[in-house]
Amino acid sequence: MPPKTFSTAQLQARTLKRGERVRLVAGLPGVPEGTEGKVAMANGFTWNRYWVRLVDGRVVGHIDHGDLVRTRDYERFLVARDREAVEAEEAAQRAAEAAADPSVGAGAEVAAGGESDEAVVNGVAVPAYLLQRSADARTRLGA
């Protein structure tokens, strides 16, 4: 069985608690990426931010949740971030090719198993059942 791969969002999904060991995944002014620390205080309801006591004794405040990951997940996070960057680059390249040649884009959708009655909006396939729901709602509302 192949090892499970995680996304960066999955590795950062849970909020951090006081006392958890963390590492920075983004450089901050005066603090390089990868620096280890321990959560000293967690605050925020809709925007989680943390005060972190670094290994050198400094305390840095108001660190965004997206800039931290648990120390045990740090290596997996770096691998996932690199993988997602490559996937995003490939998707952008495919989108650019599809924009340059519309017949390539339509063939790619059908080859990928997409329904031929799906609409593509901003590179995202909208399923036919959602299009039908919208049409039914407009009819009900008289629009």
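Me: Why is Arg70 called buried?

Reply: Because its relative accessibility is 4%, and buried means under 20% relative accessible area (exposed is over 50%, partly exposed lies in between; 1.4 Å probe, protein chains only). Keep in mind that this is a predicted model, where local features need pLDDT of at least 70, side-chain atom pairs count only at pLDDT 80 or more, and totals for chains, interfaces and linings use all residues. Side-chain values use heavy atoms, with hydrogens and water left out, and residues are numbered from 1 along each chain as its sequence is written.

Me: What makes Arg70 and Glu20 a polar contact?

Reply: Their side chains come to 2.8 Å. The cut-off is a pair of N or O atoms within 3.5 Å; within protein, one must be able to donate a hydrogen and the other to accept it, and residues adjacent in sequence count only if both atoms are side-chain atoms. The Arg70 side chain also has a polar atom 3.1 Å from the backbone oxygen of Thr15.

Me: Which residues does Arg70 touch, not counting those up to four places away in sequence?

Reply: Leu11, Arg14, Thr15, Leu16, Glu20, Arg21 and Val22, where contact means heavy atoms within 4.5 Å.

Me: How do you know that β1 and β5 pair?

Reply: Two strands pair if DSSP finds at least two bridges between them, and β1 and β5 (residues 68-70) have three, in the antiparallel sense. Strands themselves are DSSP runs of E, at least two residues, and helices are runs of H or I, at least four, numbered from the N terminus. Arg70 lies in β5, and in that strand Val69 is the bridge partner of Arg23. Three bridges also join β1 (residues 21-24) to β2 (residues 36-43), again antiparallel, with Val22 partnered by Gly37 in β2.

Me: What makes β4 and β5 edge strands?

Reply: The open sheet runs β4-β3-β2-β1-β5, with antiparallel pairing. β4 (59-64) and β5 each have a single partner strand, so one side of each has no neighbour in the sheet. Neighbouring strands here are turned by 45° against each other on average, direction ignored; the axes are lines fitted to C-alpha atoms, for helices over the stretch in contact, with angles from 0 to 180 degrees between N-to-C directions. For β4, the pairing is with β3 (residues 49-54), over four bridges, and Val52 stands opposite Val60.
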